[in-house]
Protein chains: 2
Amino acid sequence: MTEPIHDEDLLEVQAADIPAEDGPHPDDRIDDERHDEENRLKPEYLRAVRDALEEGEKGEVYDLVEPLHPADIADLLELLDREDRALLAAAITDLMSSEVIAELNDHVREDMMEALAPEAVATIVEQLETDDAVQLIEDLDEDDQQAVLAEMEAEDRIAIESALAYPEETAGRLMNRDFVAVPEHMTVGGLIDYLREEGDLTHDFFEVFVVDHMHHPVGTCALSWILTAPRNVALTDVMKRDQTLIPVTMDQEEVALMFQKYGLISAAVTDDDGRLVGQMTVDDVVHIISEEAGEDVLLLSGAGDGDINEPIREAYVSRVRWLIANLGTALVASLIIAMFGAAIEKLVALAVLMPIVASIGGNAGTQTMAVSVRAIATNQLTRANTWRIVWREMRVALLNGATVAVLIGIATSLIFNPMLGGVIATAMIINIAVAGLAGVLVPVIFERLDQDPAVASSVFVTMITDSMGFFAFLGLAVASGLVSAA
Amino acid sequence: MTEPIHDEDLLEVQAADIPAEDGPHPDDRIDDERHDEENRLKPEYLRAVRDALEEGEKGEVYDLVEPLHPADIADLLELLDREDRALLAAAITDLMSSEVIAELNDHVREDMMEALAPEAVATIVEQLETDDAVQLIEDLDEDDQQAVLAEMEAEDRIAIESALAYPEETAGRLMNRDFVAVPEHMTVGGLIDYLREEGDLTHDFFEVFVVDHMHHPVGTCALSWILTAPRNVALTDVMKRDQTLIPVTMDQEEVALMFQKYGLISAAVTDDDGRLVGQMTVDDVVHIISEEAGEDVLLLSGAGDGDINEPIREAYVSRVRWLIANLGTALVASLIIAMFGAAIEKLVALAVLMPIVASIGGNAGTQTMAVSVRAIATNQLTRANTWRIVWREMRVALLNGATVAVLIGIATSLIFNPMLGGVIATAMIINIAVAGLAGVLVPVIFERLDQDPAVASSVFVTMITDSMGFFAFLGLAVASGLVSAA
């Protein structure tokens, strides 16, 4: 190892291969002529780009787009429609950097890549970091994947193929294969010298992994500890042995929870033999956290992937499935109503009021279900506290049921008659209590069966609250002698 | 500045005040006798802790809990009920570190703090970093806040009071006041020497901020650049000038989107005069990202805060409001049904089938609404592409409507009669189309009115799809001459 130069007077020397300033000035980003106060591109700016594209003014387009950050260029592409997107990409080829590609929405990227020749895609892929490259390639059709891989350099191809060998959404797919690992015997000073020598540590890194001779991780050093420790200290004395290891097979949802729970910045990924094979860094994990936390609302509503850039056919297929499932559950409710057809004929007020009982029950069930699904997803509702939470939700449900029952009971008594008021109030309490129970138990049962509780809970809870709403109300109306069923 | 010691043989010297290994061995964390494969505490482990607590075996409790990571101790406290929580906290006082307190769920922490005397809370607060301390104090009642602040050292108190002066959920509240800022004229070597000298840079940091003489940030240096650059290079040549500045008044949701969009690890927070006053780091922001992305499902369902640790009374108040609002919208639907009472008396099949039209419409509306709310929250649906998205959703709605209409139309024709089949099919298409339109426009309108679209969209969309479902179906039945209204 060479001794680092210590003469502070040689200041200007060697400054050449240092990352220089890039992109726009910070003040350009917010509240400028292109962004609104929430950092979204302004409609007027977009209109200017669109107009220039349509008039074929490539130079003007370039001047408009050039000051943007790569993440903003990605946003701009997403905001445009397909035709304008292709025109824009053609007008700003040298601004279409790997950062832009990496920041693009999956659907938009896939759509744009499918329009390119395999060699062109291969050239883009080779510029990306492995994790971003894998993300791009995994979305392509099997044939396109093979065509692109065939065009690539052997080394890059092997890295990507080994990532693709792991299942989707696991650490093995998502990890970065570039990381800094050093042997146990190094000192802080030795490490700094080593890092200075290895010029091409291109990617930012936040921790150095210390490994034994079998390449098993034995500890990690945050860069801030290395910078504040004396040169002569052994890394084994600075490093933290208590590290969180991510197995290659771990699902991305678990990885995201690990990063959140332990406040990690980066973590070592290990293979089945415990060897260090990659790292995950928090800047990649934030996307997963946001995706996993945001997908519950889409899954619960039956909107599938729920991305506004998803092709219409895919959106149709994923949504219509749930509408058809819902048709099935609505038919169950209809059968229950049909059982009481004679009672409705005698007292049409029953038909007027029955949707209220079903609707409020459905609403109460959805509230409890949303709370339970989030609690399960964040590991807060587990086998260890299920019954405590069920009991808690039952108490909330009884309070809610009592309140709503009093209101609807009084209103119905005044408008129709006290007997009908008593029937609807009782039915409401029963249905809200059932909704509370179903709202917790349905997601919990799906979880125990190793199914994602967000996917199918909604259909079942709605079926239960609809059917129970109609059954309790119409059944009580008959049982109480208010109307006869026959 | 002192010259750092370079003799690599002095290896063992000074290793004393270096962060040593702490906590359990990594392999203890997953798949051990305490955790299941998803890193949740096992029910058997919890039962053992609970049994020991109830038998008053403090020593046994301590031995059981001692190997846990602070974040797991926090999880354990959350999983227990109130009484056991208090018993546990008393049994493991010296394990109740600031990390445990910082990791605790807000409601659980608040509940535990309220049981303590102000001096005890003040002692805990002084151990926390400012951002965590503020989070703890802001949840207390005004009186308790004052009592705790009065017990604190002046310096800590002032830091917390200045944070509390900013509105909740803004960068000024959430930022960390500890950061490393250095003047422009420093070199890489000078910076390293400075960092080695300043022993008590307790908190991990990931970037060094370079400031001018007015304390305005002019650039940032990632620690990895500092470690890989020669000592004699000027910081102004290594630093990135293109930095994202967070104004103190920025809302946490915007901060979270900034970190995601630009892949930030830390960012400078500046006051109104552009001076550097704090930093936000990604490990704090991940909690915000998860919270903001996860809250949509809770808000849309009307479950308010939706935390399973929320006190029952608060959960009741936040949920019953929406049930009562929903009662109002259900009454609107009932009024529409009442208009067609005579028709229902003549043909009770209308009462049997009408909930199907309303229910599927509601479902389709919820799907579109969930997609729109997420797209607005992630800045993907803006003024610049609203009409493109409306048109997209209308096309999906028409495809969905046609599919469901064919199914229900055929089934109704076979069971009842073709005329009724035609009526329900037409009503279904109308209602799903209306649902698609309302599902986008209602959230968009709330957003334009500066309201959170997740909060109130549900009530409006449901009212529209319910009313339209009943009105289209019953109205068409009468208009088509299937039954007479009078």
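Reply: Let us start with a definition: a salt bridge is a side-chain nitrogen of Lys or Arg within 4 Å of a carboxyl oxygen of Asp or Glu. The model is a predicted one. By that rule, 8 salt bridges are found across the interface of chain B and chain A. One of them joins the side chains of Arg40(A) and Glu447(B), at 3.5 Å from N to O.

Me: How many residue pairs are in polar contact between chain B and chain A?

Reply: Between the two chains, 44 residue pairs are in polar contact, with both residues at pLDDT 80 or more. On the side of chain B that touches chain A, helix 19 (residues 349-377) gives the most, with 17 residues. That side of chain B comprises 81 nonpolar, 37 polar and 39 charged residues.

Me: How is the size of an interface expressed?

Reply: It is often given as the accessible area lost when the parts come together. Here, chain B and chain A bury about 14200 Å² between them, and 62% of it lies on carbon and sulfur atoms. Chain B and chain A each bring 157 residues to the contact.

Me: Within chain B, at what angle do helix 1 and helix 4 pack?

Reply: Angles of 65 to 115 degrees count as roughly perpendicular. Helix 1 (residues 43-54) and helix 4 (residues 82-91) of chain B pack at about 80°, with axes 10 Å apart, and are therefore roughly perpendicular to each other. Val49(B) and Leu53(B) are among the helix 1 residues that meet helix 4, where Leu87(B) is one of the partners.

Conventions. Residues numbered from 1 in each chain as written. Chains lettered and ligands numbered in written order. Predicted model: local features only at pLDDT ≥ 70, side-chain atom pairs only at ≥ 80, totals over all residues. Heavy atoms only, no water. Axes fitted to C-alpha atoms, helices over the stretch in contact; angles between N-to-C directions. Helix = DSSP H or I, 4+ residues; strand = E, 2+ residues; numbered from the N terminus. Parallel < 35°, antiparallel > 145°, perpendicular 65-115°, else oblique. Contact = heavy atoms within 4.5 Å. Buried area = accessible area lost by both parts, 1.4 Å probe. Polar contact = N/O pair within 3.5 Å; in protein donor to acceptor, adjacent residues only side chain to side chain. Nonpolar A, V, L, I, M, F, W, Y, C, P; charged D, E, K, R; others polar.
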